[in-house]
Every structure is written in C-alpha cells, then in structure tokens.
Amino acid sequence: MNQSAKRHSPLQVALIGGAIASTASLSVFGPVWCHSVRAALQDSPKAIVDEVWQLVNREYVDSSFNKQNWLAIRQSLLGKDYTSRDEAYVAIREALEKLGDPYTRFMDPKQYEALTNQTSGEVSGIGIRMEFNEKNKQLTVVEAIENSPALKAGVKAGDTILAIDGKPTQQMKVEDASKLIRGKSGTMVTLRLGREGQPSFDVKLTRATIEVPTVRYTLKQEGKRRIGYIRLREFSAHASSQMRRAIRNLNAQKVDGYVLDLRSNPGGLLQASIEIARMWLDNGAIVKTVDREGGSEETKANHTAITNSPLVVLVDNNSASASEILTGALKDNNRAVVIGSQTFGKALVQSVHELTDGSGVAVTIAHYYTPKGTDINHKGIAPDIKLDLTEAQQRQLAANPDLLGTQNDPHYARALSILSTNGLAQPVSPKQPLQSLTNSANDLKL
C-alpha cells in the first residue's frame, strides 16, 4: 500500500462515498516500472483494469483476498490485450468474482449512473409515479410528486398517459415510458393525457431535478390513540431531511406513538441511517465498523432525538443493510419493539468509487455488528416479535399496497396492539445509564 496516500476510516470513506479520489496508488512493482506502465496504459482499457485492481488492493476488507494471489491476478489482467472497454469490463468482473463477495462489484457507466441517481434521491424528469393499469390496460399516473412540474401543471392521480411526445403508449412498458419522460433538466416533454369526463388533452412540461420522496407518513386515528405511521423506502441522500420533516409534522399533531415501516427497504447511505437513528435515539451506540487492519470506529447518538414517543419498527426478510443498522440500534438500545420476519443479513460496508471512464466500483471495506456485538451477516436481526406472513397475506399486500399500514396489514395490526399495551414500546429514559457495549462493529451499505 502506498503509505503516502491519504487514509480514511471506514466511516469517513462511507460518508464521502464516490467522492473519494479514485487515483490508483503506486504499483507494487516500484516507481520506475509503475511510471512506464502508466504511460503505456494511458487512455487504454487496461487503465480501468489497473484502476480497479489498485482500489481493491488498497481497501478490500479481507487482506488475504479470499486466499487468492491478488498480485498474480494483476499480472494476468495486465498481460492481456483488450480490444474494447467491454472486454476489459468482463475481465474485471471475472477477477472480482474470485473474492467471493457479491457486494464488491464493478458497474459499467450506465449502472454506475443508475446507482448514483438512486442514492442521490433525485431524478431529472417531470415528477410522477405511474403504473400499467391492468383494468384499462393503460399507463396511469399514480401520483404527481410534491413541488414537481407535473403537479404544478395540474397532472392528477388517475390520469392516463396516452402519448409521450406524440408516441402512442398503447402496450408500452412502464420502463420504456420512463425513459421517454426522463431527460435533462430544462428540456421539454409533451404528454397527451386522458381524464374521466373530458376529452384528451396535451400538457407541455419542462423537466426539472426532482427530489424523490422516500419517506411517506400519515396520522392515523386508531380508537383513542393517534398513531404516526412512517414508511421509509430507502436511505437516499434526502431520506434524513424527509424523515425529520415527517416526525416534526406528526409531533405537532400530538401523536401517542409511532410505527416505522422498514419492510422491503434494501438500505442505502450509511450517513442517512446514522442521522435517522439520532432522530429516534437520544443515547447509546448506533454502529461500529472494523476494517481489515482491525481499526474500529464507533458512532453514537448525540442527544439530538426529536421524539421520545413509543415506537414499533416493522421489518421483513428484505430489510437490509442500512435498514438493519437502524433496526439494530433501536432494538439493542431498547428504544423500539421490532415486529416481523428475520431481516436480510448484510453486515458489510462498501465504498463506491467513480472511475476515469465513468464506470464505477463498489469495494467492501469493513464489517459491522449491532451495538450488543451481534454479527448479523448472513443471519439477519431477529425481531422481538416474530410474525411471518403467509404467502396469501404477502400476495394480498403486494397486489394492494394501499393496505399497508392499515388494520388489514397483520404487521401493522400487531404494532397497534403493542402500542396500546402499557409499558411496551416505551423508550429508554434519557437519564438511564447506557450499558457498556463491547465487541461492536459497524456496517455501511450503499
């Protein structure tokens, strides 16, 4: 490893993500050889191959590289002639597969762009959610997002999209329609819409950068109790600000308790999970990471919780990574009762780098454990109350997502019974001393 290169702790690397410099460290073959090789590799597919190898060599959590001779792999990679970047990409992926880690992965430029768009929590478009309506066999607007060009232009839920820039949408897939609707901010797109009770009409829209809502919340009057239901879909760059807004708005409505729904949340940015944990948790450990050299870093709550109301967290076997960090922090600190199925079990931290040709690589850099020291990798977090849905129940909720967070949702119904029971789902008193935590390690997911 090049000792002159700037070192980052796992948490620091995780936080800055793809913004870290992706310049490769000095070659293990020495500065003279390295200089000549780099000159030869300039603007060739081998440059990307070597860039990936260097990043893995410098950061990968397993210093044995899954008992692979990583140096020999480099010699083999650079000994080949690549006629195209695609051929080099194949070689990179084959080399990374030898690590036996599905989370250390190479992304071509389109895949990398998709990942960065997802984690940024922003898209360039008009701000609608749409689906293919099986009843009328048409593309239908499900929602016009707040502050979006579509909402400002009067697009409504239930409108059918008949054409996009003059191209009929009959039998068009949602994915294909999305590609036509999305585009650079400031450009125009015209939709022909159908609306019940009136003739079809055209709407001209100027695309803009849209903040994608990842947090949805509502106040529910359940008997005499006022319940704040919050569903978090992923930990994007805007998730924490949206969560803060949701909690504060529900606090203002004087809720008696909260249900935080993390079901099918695949994770996202580590920093978002830390910030959100601090909104619910006033004291205690949140996460700790351990890198390949044994270096560790612990993150704790910092007395900035914005609610101490009773809390129930809903999880399933698709709640992963950053979802498990948040769930583990709330569960181990007795801040919430967790209901549902065993979570996914991803306790590895990735750092994401952009490469010189616009492609990217995610490298596993650390391992994490819950605050009580539990290794959840390939195991998941065991809920306090295990409630596995039947296949019929799963199909019903999947086909009718509006049932989520209602009395017809078994997980939510059980959460209500917990919140209505005195002494349960109550937070740890801020004055209660935190137990000493040992053997903790942290994970990031991006």
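Colleague: How many residues has α6, and what does its span reach from its first C-alpha to its last?

Modeller: This is a predicted model. Helix α6 contains 12 residues. At 1.5 Å a residue the expected span is 16 Å, and the distance from its first C-alpha to its last is close to that, reaching 16 Å.

Colleague: Which residue caps the N-terminal end of α6?

Modeller: The backbone nitrogen of K110 has a side-chain oxygen 3.1 Å away.

Colleague: Which residue just after α6 takes a positive phi?

Modeller: The phi in question is about 75°. Just after α6, the residue that takes it is G121.

Colleague: Within what arc do the buried residues of α5 fall, seen down its axis?

Modeller: Helix α5 spans residues 85–97. Its buried residues are A88, Y89, A91, I92, A95 and L96. These line one face of the helix, because, seen down the axis of α5, they fall within an arc of 165°.

Colleague: Which residues of α5 are exposed on the other side?

Modeller: The buried residues of α5 are covered by elements including α3, α4 and β18. On the other side of α5, the exposed residues are D86 and E97.

Methods: Residues are numbered from 1 along each chain as its sequence is written. This is a predicted model: local features need pLDDT of at least 70, side-chain atom pairs count only at pLDDT 80 or more; totals for chains, interfaces and linings use all residues. Side-chain values use heavy atoms; hydrogens and water are left out. Helices (H or I, at least four residues) and strands (E, at least two) are DSSP runs, numbered from the N terminus. The expected span of a helix is 1.5 Å times one less than its number of residues. Buried means under 20% relative accessible area, exposed over 50%, partly exposed in between (1.4 Å probe, protein chains only). The arc is that of the directions from the helix axis to the C-beta atoms. Contact means heavy atoms within 4.5 Å. A polar contact is a pair of N or O atoms within 3.5 Å; within protein, one must be able to donate a hydrogen and the other to accept it, and residues adjacent in sequence count only if both atoms are side-chain atoms.
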